[in-house]
Amino acid sequence: MKAVVQRVSRARVLVDGEVVGACGPGLLVLLGVMQGDGEAEVRWIADRIAGYRVFADDQGRMNRSALELGREVLVVSQFTLAADGRRGRRPSFDRAAPPQVAEPLYEAVARDLEAQGLAVARGRFGAMMAVELVGDGPATFLLESPSGGSAQG
């Protein structure tokens, strides 16, 4: 599983001009589900996102997490994170999990974040989405669960 995590002042997702998910200060998470991902990867990435210390403490150091500060999270599915561009000029998406596998795992990540106490909004899986954000930093991080569907907590 891969996630691009952006610290934001606010973010929202629109489908056909309608806002389907939004967050205030917190994290925008673009989530890619890879072939072989399962419940272990869900737990690993959700724990990492919730506890990732990317917000400033009183000394201005990145030392506080979204969970610790009660920040909001907007999770958006993004299969293009599975792209392999090493060959040719068109990305291959062979490593992406098929939609019938990816959607339940995407939802499981969002539910896991909620279960940890975070307010979570979602994009719409499989839809053409317009993602708007006001970055806070900018501060953007790439998280990738251990490979092979064998993530360890």
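Buried means under 20% relative accessible area, exposed over 50%, and partly exposed in between (1.4 Å probe, protein chains only). Welcome to a predicted model, in which local features need pLDDT of at least 70 and side-chain atom pairs count only at pLDDT 80 or more, while totals for chains, interfaces and linings use all residues. Residues are numbered from 1 along each chain as its sequence is written, and side-chain values use heavy atoms, with hydrogens and water left out.

**Confidence**
- The chain averages a pLDDT (the predictor's confidence in each residue, from 0 to 100) of 94, and 95% of the residues score at least 70.
- Over residues 148-153, pLDDT stays under 50.

**Helix α3**
- Helices (H or I, at least four residues) and strands (E, at least two) are DSSP runs, numbered from the N terminus.
- The 17 residues of α3 (residues 99-115) should span 24 Å at 1.5 Å a residue, and the end C-alpha atoms are 24 Å apart, which agrees; the expected span is 1.5 Å times one less than the number of residues.
- Among the buried residues of α3 are Ala 102, Leu 105, Tyr 106 and Asp 112.
- Those buried residues pack against β3 (26-32), α1 (39-51), β6 (72-77) and β7 (119-122).

**Nonpolar cores**
- A nonpolar core is a set of buried Ala, Val, Leu, Ile, Met, Phe, Trp, Tyr and Cys residues joined through side-chain atoms within 4.5 Å.
- The largest has 31 residues, and those with the most contacts inside it are Leu 27, Val 29, Leu 31, Ile 45, Ile 49 and Leu 113.
- Helix α3 gives the most to this core, with 7 residues.
- Apart from this core lies another, of 13 residues, including Ala 11, Leu 74, Leu 81 and Ala 121.

**Salt bridges**
- Counting a side-chain nitrogen of Lys or Arg within 4 Å of a carboxyl oxygen of Asp or Glu, there are 6 salt bridges.
- Arg 64 and Glu 68 form one of them (2.7 Å, N to O); Arg 64 is partly exposed at 24% relative accessible area, and Glu 68 is partly exposed at 46%.
- Glu 107 pairs with Arg 122 (2.9 Å, N to O), a link between helix α3 and strand β7 across 15 residues.
- Arg 122 also meets Glu 114 (3.1 Å, N to O), and Glu 107, Glu 114 and Arg 122 are linked in a network.

**Asp 84**
- Asp 84 sits in the loop between β6 and α3 and is buried, with a relative accessible area of 17%.
- Beyond its neighbours within four places in sequence, Asp 84 is in contact (heavy atoms within 4.5 Å) with Arg 90, Pro 91, Ser 92 and Arg 95.
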